[in-house]
Amino acid sequence: MQEIPLTQLLFVSTFLFFIGMYGLFTRRNLITMLMSIELMLNSVNINFVAFNKYLFPNNLDGLFFTLFIITIAAAEAAVAIAIIINLYRSHNSIDVEDATEMKY
Amino acid sequence: MNISSILFYAISALILGGGILAVTSVKIFRAAIWLLFSLIGIAALYFWMQVEFIAAIQIVVYVGGIVVLIIFSIFLTQHSGKEMNSPTLSKKIFSALAALFGTAFVHKLIVHYDGFTYLSALPFNSNVAEIGTQMLSTTSHGFILPFEVVSMLLLAAMIGCIVIAMRPKNEIKNNSINNIENN
């Protein structure tokens, strides 16, 4: 695996991050926006593991960051879906354009 | 070009293709399935980097947990066969331009940065015993404090989800009264 330099892994995670950003900009549906955020979090995880493996193989800090990011992403997804279902119950829609009560 | 690099490019193609289809697909259920493929590809990338524990966690938490949760919420809130409203063309163009500009910028930064000092001569020991020992150790490289804090966070998130998604009590009462009257 030494044929693949670190930069190639960084390119993959960069592309994945900006794919997620494109989705976050274009989608108007809360669930698909949440999916885009998951993609962005995953690209960050790839970065942490790759840096740990290639540059600092003597300790495991990157792996622990990845583990904690995965945990927090799971908690975030659960809370977000609870909010989405509650929003659907009151507005009958999960489109961000329909939830404008708190817009100034 | 050996088998390892071919594998890397195949996995990257799976991740990026799945990601692109997940953000552009017009049917929401298909978008969730493409997201599933992308996340499986990321788990495969972890296997390729020989961090098996993270790959297993990725499969258990993302593929088995978050995507299933997303699919459930799609079933609860959407007509999954219906096509979503496509964004306007100008919004698509400007978002694509922003993403492309960001990609080009970071790409240029990575290509021109040459300060990486590779220590690949050292062994990379990421077996589960090592991770477990460090996770619960209280020495300078231990992660016991974040471990405890994140467990509190999970508890708070669990209680918060229940409280947010719980229907208010009087609403339940009204609904049951309505049901009885309907019957």
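## Helix packing in a predicted two-chain model

In this predicted model, α2(A) and α3(A) pack with their axes 9 Å apart, at an angle of about 175°.

Reader: How are α2(A) and α3(A) oriented to each other?
Author: Their packing angle is about 175°. Angles over 145 degrees count as roughly antiparallel. The orientation of α2(A) and α3(A) is therefore roughly antiparallel.

Reader: How many residues in the contact of α2(A) with α3(A) are nonpolar?
Author: On the α2(A) side, the residues include A:L34, A:L41 and A:F48. The α3(A) side includes A:F65, A:I69 and A:A73. Four residues of this contact are polar and two are charged, while the nonpolar ones number 16.

Reader: At what angle do the axes of α2(A) and α3(B) cross?
Author: This pair joins a helix of chain A to a helix of chain B. The axes come within 11 Å. α2(A) is roughly antiparallel to α3(B). Their crossing angle is roughly 175°.

Reader: Which residues of α3(B) does α2(A) meet?
Author: The contact has eight nonpolar, one polar and one charged residues. From α2(A) come A:I31, A:L34, A:M35, A:E38 and A:V49. Facing them in α3(B) are B:I54, B:I66, B:I70, B:S73 and B:I74.

Reader: Which element gives the most to the side of chain B that touches chain A?
Author: In total, 71 residues of chain B are in contact with 61 residues of chain A. On the chain B side, α1 (3–24), α2 (28–48), α3 (52–77), α4 (89–112), α5 (128–135) and α6 (144–165) each supply at least two residues. The top contribution is twelve residues, and it comes from α3(B).

Reader: Which residues touch the most other members of the largest nonpolar core?
Author: This core has 61 residues. Elements from both chains give two or more residues: α1 (6–26), α2 (30–55) and α3 (61–91) of chain A, and α1, α2 and α3 of chain B. The residues that touch the most other members are A:I31, A:M35, A:V49, B:A32 and B:L35.

Reader: Which residues of chain A does B:L35 touch?
Author: Leave out residues up to four places away in sequence. Within chain B, B:L35 then touches B:G18, B:A22 and B:V67. Its partners in chain A are A:M35 and A:E38.

Reader: Is A:L60 buried or exposed?
Author: A:L60 lies in the loop between α2 and α3 of chain A. A residue is buried if 20 or more other C-beta atoms lie within 10 Å of its own. A:L60 has 24 such atoms, so A:L60 is buried.

Reader: Which residues of chain B is A:L60 in contact with?
Author: Neighbours within four places in sequence are set aside. In chain A, the remaining contact is A:N52. In chain B, the contacts are B:S126, B:E130, B:I131 and B:Q134.

Reader: What separates the C-alpha atoms of A:L60 and A:M33?
Author: A:L60 and A:M33 are 27 residues apart along the chain. The separation of their C-alpha atoms is 32 Å.

Reader: What is the radius of gyration of chain A?
Author: Chain A has three helices and zero strands. Its C-alpha trace spans about 55 × 25 × 25 Å along the principal axes. A compact globule of 104 residues would have a radius of gyration near 13 Å, whereas chain A has 17 Å.

Reader: Why is chain B more spread out than a compact globule?
Author: Chain B holds seven helices and zero strands. For 183 residues, the globule rule gives 16 Å, so chain B is more spread out than a compact globule, its radius of gyration being 23 Å.

Reader: What percentage of the residues of chain B are buried?
Author: The C-alpha atoms of chain B fill a box of roughly 75 × 50 × 30 Å along the principal axes. In chain A, 50% of the 104 residues count as buried. Chain B has 183 residues, and its buried share is 20%.

Note on methods:
Residues numbered from 1 in each chain as written. Chains lettered and ligands numbered in written order. Predicted model: local features only at pLDDT ≥ 70, side-chain atom pairs only at ≥ 80, totals over all residues. Contact = placed C-beta atoms within 7 Å. Helix = DSSP H or I, 4+ residues; strand = E, 2+ residues; numbered from the N terminus. Rg over C-alpha atoms; globule rule 2.2 N^0.38 Å. Buried ≥ 20, exposed ≤ 12 C-beta atoms within 10 Å, placed from the backbone. Core = buried A, V, L, I, M, F, W, Y, C linked by C-beta atoms within 7 Å. Axes fitted to C-alpha atoms, helices over the stretch in contact; angles between N-to-C directions. Parallel < 35°, antiparallel > 145°, perpendicular 65-115°, else oblique. Nonpolar A, V, L, I, M, F, W, Y, C, P; charged D, E, K, R; others polar.
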